[in-house]
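Reader: I am new to this structure. Please show me how to read its features, one at a time.

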Amino acid sequence: MSVHSWARNVVQDDLHDAEVQGHEPVVALRALLSEVVQRSRALRDPQELAHELQFLADNLDDDRDYAFMRP
């Protein structure tokens, strides 16, 4: 199992547990994201982490057309 598959499964299980406890998925995901960022700050250069988060934020739109992807 790849690390990405593992992470997907962990988040799916955690969201199920949060729902059982009465937490909304959006709130649970925000809390998980916040915790991941806090723990990442302890292990990584803050600038590197900020760049990665900015890259992810800039690429949220699955339908976005990128010039480098055109034939």
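**Reading a helix pair**

Author: Helices α1 and α2 are oblique to each other. This is a predicted model.

Reader: How is a pair of packed helices described, in general?

Author: Two packed helices are described by the angle between their axes and the distance between those axes. Here helix α1 covers residues 3-20 and helix α2 covers residues 25-43. Their packing angle is about 130°, and their axes are 10 Å apart. An angle counts as roughly antiparallel over 145 degrees and as roughly perpendicular from 65 to 115, so this pair is called oblique.

Reader: Is the crossing of α1 and α2 left-handed or right-handed, and which residues make the contact?

Author: The crossing of α1 past α2 is right-handed. On the α1 side, the contact is made by Val11, Asp14, Leu15 and Ala18. On the α2 side, Pro25, Ala28, Leu29 and Leu32 take part. Of these contact residues, seven are nonpolar, one is charged and none is polar.

Reader: What can be said about the spacing of residues along a helix?

Author: An α-helix has 3.6 residues a turn, so residues three or four places apart point the same way.

Reader: How far does α1 reach, and what follows it?

Author: Helix α1 has 18 residues and spans 26 Å from its first C-alpha to its last. That is close to the 26 Å expected at 1.5 Å a residue. After α1 comes Gly22, with a positive phi near 95°.

How values were computed:
Residues are numbered from 1 along each chain as its sequence is written. This is a predicted model: local features need pLDDT of at least 70, side-chain atom pairs count only at pLDDT 80 or more; totals for chains, interfaces and linings use all residues. Side-chain values use heavy atoms; hydrogens and water are left out. Axes are lines fitted to C-alpha atoms, for helices over the stretch in contact, and angles run from 0 to 180 degrees between N-to-C directions. Helices (H or I, at least four residues) and strands (E, at least two) are DSSP runs, numbered from the N terminus. Angles under 35 degrees count as roughly parallel, over 145 as roughly antiparallel, 65 to 115 as roughly perpendicular and the rest as oblique. A crossing is left-handed if the near helix is turned anticlockwise from the far one by less than a right angle, and right-handed if clockwise. Contact means heavy atoms within 4.5 Å. Ala, Val, Leu, Ile, Met, Phe, Trp, Tyr, Cys and Pro count as nonpolar, Asp, Glu, Lys and Arg as charged, and the others, Gly among them, as polar. The expected span of a helix is 1.5 Å times one less than its number of residues.
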